[in-house]
Amino acid sequence: MDFNLTDEQDLLRDGLTKFLASRYDLAASRTAAKTGPGWQPEIWRGLADELGILGATLPEDAGGSGGGPVEAMLIAEALGHALLIEPFVDTVVVAGGLLHRAGGAEQLLAHIVDGSAIVTLAAGEPASGDNWRTVTTTAQREGDGWVLDGSKVMVLNAPLATHLLITARTSGDPTDTDGISLFLVEIASRPAGLTMHPYRTVDDRRAADLVLQNVRVPAGALLGGAGQAWPSVEQARDEGAAAVCAEAVGAMRKVLGDTVEYCKQRHQFGTAIGSFQALQHRMVDMHMEVEQAAAAVYLAVLSLDSDAATRAKAVSAAKATIGRAARFVGQNAVQLHGGMGMTEELAIGHYFKRLTAVQYEFGSTDSHVSRYADLTRP
């Protein structure tokens, strides 16, 4: 495998890193998350207008740059390093991929590129847990449209979104993959029967639970063929998992760097605690976990364009590796910082919360271990 970046990819990474270093303040971000709208729209516009980041991986006919999984990885890692809470993965990677594969949504993709549209996927349900295959939300044909009924839980960025992509069953039993369809619902039109219960997550992101009662949508809201959405949804789930894994690598690199620097400065018994051999060994173990996680992410990203089985194995291996590494690196960073590692004043506490949440996004560590075992069983 070729791990060398092209000149264009180097410029993409360096430009985004400089932008975030000069424009994205962690304290301002947390203030916006807790007391404001939940994000910083001006940062989102800057990513779109000044850098073209929101279109880096989207097709050229929608105004994007036509990049691929490597570009998504570079962007996600940089965003993770800065602890960005704006919805890049959910809107650009997951929703953008679903809309592109469904076809006929070039105008909405163009709005994602210019930053005016935020789209998020509503796939999880109260009884499904990590299993997006279990879909009890139904879509019944009525006249020239559809009627949606059901509920969705933990829909990240739903309070910020202009559009929702909702999985619903148009045929088959609740656990069948055949019969799952995908519907586009515009929130700005405030469809009757759609109730949103918003909340803030442990890592300062906005999410909501949705209740759909006789929500009527036009025939054009159905994306792709009826009952044929699962392969694309499964691919979007893998693409989202790979992106948050890359994001976690960026966050862990920041956490490790801050911990090493802190141990150089913090003195105990008249000397820097970084000189204690036991703590040096601990930081070496953290470094090894980060590098193993990065290698797993590279494999997953370079496998996203492979067949479904190869892609699934590589992504689940990466997600399981990231889950272990994020837990180890986050917990040890907090321990080495002492009690102040969990305070709001230090960045390390915010990164620890994000690394904890990453372990459950797009499938928990345990579910991906089980999936990998199923895929590799003789």
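The largest pocket of this predicted model is lined by 26 residues. Arg13, Thr17, Glu77, Ala78 and His81 lie nearest its centre. Two or more lining residues come from each of α1 (7-23), α4 (69-82), α7 (230-265), α8 (277-302) and α10 (347-358). Of these, α4 gives the largest share, seven residues. Helices (H or I, at least four residues) and strands (E, at least two) are DSSP runs, numbered from the N terminus. A pocket is an open set of points on a 1 Å grid over the protein atoms alone, where a 1.4 Å probe fits, with protein on both sides within 12 Å along at least five of seven lines; lining residues have an atom within 4 Å of a point.

The largest pocket holds about 620 Å³ of space. Its lining divides into 16 nonpolar, five polar and five charged residues. Domain 1 (7-117) and domain 3 (230-375) both contribute to this lining, so the largest pocket lies between them.

The second largest pocket holds about 480 Å³. Among its 24 lining residues, Met154, Leu156, Tyr360, Glu361 and Phe362 are closest to the centre. At least two residues each come from α5 (88-102), β1 (119-122) and β3 (145-156). The most, four residues, are from β3. Here the classes are 13 nonpolar, five polar and six charged. Domain 2 (121-227) and domain 3 (230-375) each supply at least three residues of the lining of the second largest pocket.

Residues are numbered from 1 along each chain as its sequence is written. Local features need pLDDT of at least 70, side-chain atom pairs count only at pLDDT 80 or more, and totals for chains, interfaces and linings use all residues, while side-chain values use heavy atoms, without hydrogens and water.

Terms used. Grid points are joined across faces, edges and corners, and a volume is the space filled by probe spheres set on the points. Ala, Val, Leu, Ile, Met, Phe, Trp, Tyr, Cys and Pro count as nonpolar, Asp, Glu, Lys and Arg as charged, and the others, Gly among them, as polar. Domain bounds come from an automatic or database domain assignment.
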